[in-house]
Amino acid sequence: MFITDQDKNFNNLINILISTLIVFSVTLYFYFFKFDGNITGFFRIGSILPLSPFLNAETTFIYQGEIGYDGQQFLSLALDPFLQNSETINSLDHPIYRYRRIFYPFVSYLLALGNKTLIPYIMVAINAFSIIIIVAITDLYFKSDNVSKFQSLFTLCIPGVWMVLSLGTADLFSSVFLIASFYCYRYEKYKLTALFISLGCLTRETLLIVWFALFLTSLIQKRFKQIQYLLYGLIPPILWTVYISFLDLPGKVRVKDNFGFPFLGIINKLISIVTGELNGSNLFEAYMFFILLFSFVAIFILYIKHRQPNLLMQTGNTFYSVMFAFSSMTILGYYLDYSRVFMDVYFLLLLSVNLTKIPYKTILFSVSGIGSLAFLILHS
């Protein structure tokens, strides 16, 4: 059956409306039921680290006895992106590490016009709209393929999507740039490809993996003009890193904490799952971990069956697999960490073209969707 551009545009609009409704509902659920109408609840602020000087302890949603989570660090930076108050640096666990990820808090500060009250709301809105934008760009990515018209809605099945929304981290915002750069690469928009991946690297430095994937794929496919622009796109992240080095900020970059000997972290994780108690928490850990493992495998299988359209995804999958192999229990120990850090693997799977009789993606994203529901209902 021939599908017209008008039909495709209508389907895209339906997908955007569905995702908007679901994202809006989940965000309100978090805000009113999980965080009692306190916007700072989205940033998992603990009581151990010093609070940002721009937050009031009496009106901030604080998890007593906890060290907090990355969202707390991003909020502190968004409230003072130029580090004008010395207490902002004291509120960060590793300032030299956190300040590398400047784009999400900086954009939040700009959109809020520096209004300290408005900034947390803008940060949550950015993450919520990031989900919808990912759905929209994914629809555009598949405009030339004969795939399901609801393909992009698999985004809503990814557990990390809702974890990031509830934790206020930068991962969703950086994933927008990943999806956008892949879309632009596919349709030979060379300058925009370089721009988006450059902004992604300023949002989360681990997107350098994606930069390398784009570079290597361009080399294999002899897109030399794309290579030229990718090299230009690397300049802003490098200049920002050099600038940070001159600030002489305290802390460490945490490479040694997060990574170690290859496969040691994976082995330790499997041992902890097997030897752990037979309860809901451990079963959920195992469920989340094995979904991630199968996602790596599924991307590889789809590449074997459809090499040409999936070369970029498999190249990225290879780099992320290496990162996964070297990950320590600091990352792999808790589902909130590895589901978030490796969330982009799900997006690589989402963008993989599957024209086989076996619906690999549908099966995996359906299973992931169960994990997302379990998180929203039981664990969030």
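Which residues does Thr169 touch, not counting residues up to four places away in sequence? Select Thr169 and display its surroundings: Tyr69, Asp70, Gly71, Phe74, Tyr104, Asn127, Val164 and Arg340 are the residues it touches, with neighbours up to four places away in sequence left out, where contact means heavy atoms within 4.5 Å.

Before going on, note that this is a predicted model, in which local features need pLDDT of at least 70 and side-chain atom pairs count only at pLDDT 80 or more, while totals for chains, interfaces and linings use all residues. Residues are numbered from 1 along each chain as its sequence is written, and side-chain values use heavy atoms, with hydrogens and water left out.

**Around Thr169**

Thr169 sits in the loop between α7 (159-167) and α8 (171-186); helices (H or I, at least four residues) and strands (E, at least two) are DSSP runs, numbered from the N terminus. Thr169 counts as buried because its relative accessibility is 0%, the classes being buried under 20% relative accessible area, exposed over 50% and partly exposed in between (1.4 Å probe, protein chains only). Its side chain makes a polar contact of 2.5 Å with the side chain of Asp171; a polar contact is a pair of N or O atoms within 3.5 Å, where within protein one must be able to donate a hydrogen and the other to accept it, and residues adjacent in sequence count only if both atoms are side-chain atoms.

**The salt bridges**

Next select Asp70 and Arg340, which form a salt bridge with their closest N and O atoms 3.2 Å apart, a salt bridge being a side-chain nitrogen of Lys or Arg within 4 Å of a carboxyl oxygen of Asp or Glu. Asp70 lies in helix α2 and Arg340 in helix α18 (residues 335-341), so the pair ties together parts that are 270 residues apart in sequence. Both Asp70 and Arg340 are buried.

The structure holds 10 salt bridges, and another one to select joins the side chains of Glu66 and Arg44 (3.0 Å, N to O). Glu66 lies in the loop between β2 (62-63) and α2 (70-79) and Arg44 in the loop between α1 and β1, so this pair ties together parts that are 22 residues apart in sequence. Stay on Arg44 to inspect its backbone, where phi is near 45°, a positive value in a residue other than glycine. Asp36, in the loop between α1 and β1 (45-46), also has a positive phi, near 50°.

Centre on Tyr320, whose contacts beyond four places in sequence include Leu178, Phe296, Phe342 and Asp344.

Finish at Leu111 in helix α5 (residues 103-111), which counts as exposed because its relative accessibility is 53%, and which touches Ile122 and Ile126 when residues up to four places away in sequence are not counted.
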